[in-house]
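User: Hey, I've got a model open and I'm a bit lost. Can you walk me through it?

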Amino acid sequence: MHQLFRLVLGQRDLSRAGDLFSLDDSEIEDCLSQALEEIKIISCSPDYLTSDNDQAVVEICITRITTAIRETGSIERHGAALVSLWESCLEHNLQPQGKDEDTPHAKIASDITSCVLQNYSRAPVMALAVPVAVRFLQQGNQELSRNMSSYLSLAAIAKAELLAQHTEAITCSVLGGNAMLLRVLPSVYPRQPEPIHQHICELTAMMPQLDQAGRQHLLRLLQMISELHPLVLSSLVPSLIGYLSDCDLSDAALGVLVNVAQACPAPLAPYLSTLRNVGQKNPLLLGHIAKIHGAVGLTSEVQARGALQYLVSLLASMEHSVHHTLVLEIRCLTDRYTSILGRGGKDIYRMSNSFTAIARLLGRKLEADSAMSRGEEKLDLSQLCESSSEVFAGSKSLQVKIQAFEQKIGEEGAESDTEGGSSGPQRRHSLSQAARDERREMRFNRSKSLALHAVRTQSINTDSSPEGEGVELSSEPNLCEASPSPVSSTLEENHTQPTESKLQKVELGDPREGDRLWTHLRDNMEEIKTFCAEMIKQIPIPDHCVIEDSHRGCVAKLSFSCLLKGHYCLYAKSCFSLCSRQPHLWIQIMLLALQSKVSEALCCQDECVQQLRKLWEKTQLTGAHSFELAMTQTTVPHKKDVDSLQIYLEEVRFFYLFSYSEEESGWLCFMCSNPEKATVVNQDGQPLIEGKLKEKQVRWKFIKRWKTRYFTLAGNQLLFQRGKSKDELDNSSIELSKVQSVKVVAKKRRDRGLPRAFEIFTDSKTYVLKAQDEKHAEEWLQCINVAVAQAKERENHEATTYL
């Protein structure tokens, strides 16, 4: 063992412990395992719990050893000795004695945890560490357990097989409240499913108490179970149905229910009406709901008929993205129970390429069967086909009209070319002429599309028989397989006149029709206004945005100001600025905010939109979406994206300095929101807040030594006394205008609650302070941030006045 280690550990010499950091890592690498064994002897001695000197020596030595192991990459060489010391801590009390006061052995365990488990990709180290790490989960120290869970989650990704044998212990830890380990269960489940099967009911019952991330991990586990062992979840159908009311869970929960229904459909039968209501409220879920109806329908002919009625009604009314799924389910049911459609069933699928046509024919057939059961005359399928063929024939003659229109346009174009050709070399093709030709081509294609749509609509309305509607036409005439039959000239004229009026309207239509962004904003105006009405209360809209390059990519430099700018405003002559690594999201939010303020849809030619496009182009990578395409992919941002912005604003202390005012319908700074506090802050000597805080004394951050001081925040200074009372002398102060930033000491927590400790950075020193509890910490942070902003604003005002 190195001489300095022998001196410090042998004589417990705290005064020389700091000198260990002056040694090069290579000088002590060979003796690290010996030093760890000596530390184990010291920490297991009876008087270790009462000796502050021994505890300080051990903390410093462990920090020096773990630093050397990281720098030299020698974890596999010294891993056994490190894990042995780590495991010895399990023999001692690890539960906190007071609030957030770790025991000496809990501190040792915490310092070793990161050094060992950050090597989660190294199998030899994990083979030693995982069995010990799992035992720490059951020791009653929540902070230690939380840190252990974070590393075990990473280990589960790299070496899931090492954790699989501890599935029972991990599951019990989750049920005990350690929800962070939920992310481990999907990784170990394929290797050890039985322990999870035994507790699946209790795990599912945790769903309402979990945060968003925990819910997603649990749903991912349920999805895996439904794919591998779906019958295990049959008893959980009522619980899964209950999750459909939550928009964040509904899609994943329905995916699980589909797998359960395909293996065991009976438990889903009582909930079909509930599923239909869900589909009515959220059409995006209809694909899953259709599959569940199809699975339940296969259980009996009675269920099949009920499912068919619902699926056919969807086929006639829903958008094309669901049609393929619906037809597959309908086909599966009619193939299983052939008596429902009889021998003519295949003719329905063969005779028409229109999903709506198939739906109407199926609907008529099902209605005919229902009428037959009531003693009414049964409608023959061949009659349906004959009546449908008449409509197709009518459409064919109308198609001739459209083709004649195309031909006429073509002839006119040819004539113009001939006339132009007569002038020989004198004819010139300008860019403006090419642009006009391109616009005429676009107008014609759009006219033809609308004409076909008019034909389809008119044929349905005009050709309807007394018993019901006719068959909808396909947009492509050559897809119709029914044989033609004569059609009266009156009917043909009626079809032609809507068509021609449509063509005229398109030629004189709104020039913005070809603007993709304008169409998108126009069609989703109400949804955007509803979203922005709530969003602006959570996320402020920047007054100014600049895109800048950084070594990690483009960032958006955003500026925010106070709406009122009152007498004591924190940002009367300046702005609150921040840099965000989500420029695309901010640009989308700014566009939606602009749209929500006006009644007309914005278009690409609007100046404000062009400015946003320029910002977007500065962030655009090669091959990325254009501004128009990106802005029209989703109507509004996903909830998780909005949440990420809110979390970031919390991290940069925005919400300490601003709050949303319902009365003013905007964001006000702290002073303008709380004018009664402004008079207090601006009275010389009048404290904004005062009380006891703990200050970290030791210059090494890894040693947790705190001293209580009395602090007073008044004017431009944060005053503090060397003793615990405000009457004691020896005052010191921090000048607030010199404060560079105030930062919360990071602590991994499930919620967004503030930890107790925070740091104040000045140009010459860093102060680490700790409040009595989270509530007091939040009060101090609020007041310090406000006072710092006030001091800087006053300094800016004085500088401006001087100039």
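User: Let's start with helix H19. How many residues does H19 have, and how far does it reach?
Analyst: Keep in mind that this is a predicted model. Helix H19 covers residues 286-297, which is 12 residues, and spans 16 Å from its first C-alpha to its last. That is close to the 16 Å expected at 1.5 Å a residue.

User: Is H19 largely enclosed or open, and why?
Analyst: H19 is largely enclosed by the rest of the structure, because nine of its 12 residues are buried. Among them are Leu286, Ile289, Ala290, Ile292 and His293.

User: OK, take Ile292. What's Ile292 in contact with?
Analyst: Leaving aside neighbours within four places in sequence, Ile292 is in contact with Leu254, Leu257, Val258, Ala261, Leu268, Leu272 and Leu275. Ile292 also belongs to the largest nonpolar core, which has 120 residues. Along with Phe5, Trp86 and Phe136, Ile292 is one of those with the most contacts inside that core.
User: And what lies apart from that core?
Analyst: Another core, of 79 residues, including Phe560, Tyr571, Val642 and Tyr656. As a rule, nonpolar side chains in soluble globular proteins tend to be buried together.

User: Zooming out, how many helices and strands are in the chain?
Analyst: The chain has 36 helices and 12 strands. It has 803 residues, and buried ones make up 46% of them. If you take contacts between residues at least 6 apart in sequence, 65% join residues at least 24 apart.

User: Back to helices. Which residues of H4 are buried?
Analyst: Helix H4 is residues 32-43, and its buried residues are Leu32, Ser33, Ala35, Leu36, Ile39, Ile42 and Ser43. They pack against helices H1, H3, H5, H6 and H7.

User: Is His78 buried or exposed?
Analyst: His78 counts as buried because its relative accessible area is 1%, and the cut-off for buried is under 20%.

User: New topic: strands. How do S2 and S3 pair?
Analyst: Strand S2, residues 553-560, pairs with S3 in the antiparallel sense, over five bridges. Leu558 stands opposite Leu578 in S3.
User: Which residues of S3 are on the covered face?
Analyst: Phe576, Leu578 and Ser580 are on the covered face, while Ser577 and Cys579 are on the uncovered one. In a regular strand the side chains alternate between the two faces of the sheet.

User: And where's Leu563?
Analyst: Leu563 is in the loop between S2 and S3. Leu563 counts as partly exposed because its relative accessibility is 48%. Leu563 and Gly666 are 103 residues apart in sequence, yet their C-alpha atoms are 6.4 Å apart in space. Setting aside residues up to four places away in sequence, Leu563 touches Glu664, Gly666, Trp667 and Leu668.

User: Last one. What does Gln588 touch?
Analyst: Gln588 touches Met631, Thr634, Thr635, Val636 and Pro637, not counting residues up to four places away in sequence. Gln588 lies in helix H29, residues 583-596, and counts as buried at 10% relative accessibility.

Methods: Residues are numbered from 1 along each chain as its sequence is written. This is a predicted model: local features need pLDDT of at least 70, side-chain atom pairs count only at pLDDT 80 or more; totals for chains, interfaces and linings use all residues. Side-chain values use heavy atoms; hydrogens and water are left out. Buried means under 20% relative accessible area, exposed over 50%, partly exposed in between (1.4 Å probe, protein chains only). Helices (H or I, at least four residues) and strands (E, at least two) are DSSP runs, numbered from the N terminus. Two strands pair if DSSP finds at least two bridges between them. The expected span of a helix is 1.5 Å times one less than its number of residues. Contact means heavy atoms within 4.5 Å. A nonpolar core is a set of buried Ala, Val, Leu, Ile, Met, Phe, Trp, Tyr and Cys residues joined through side-chain atoms within 4.5 Å.
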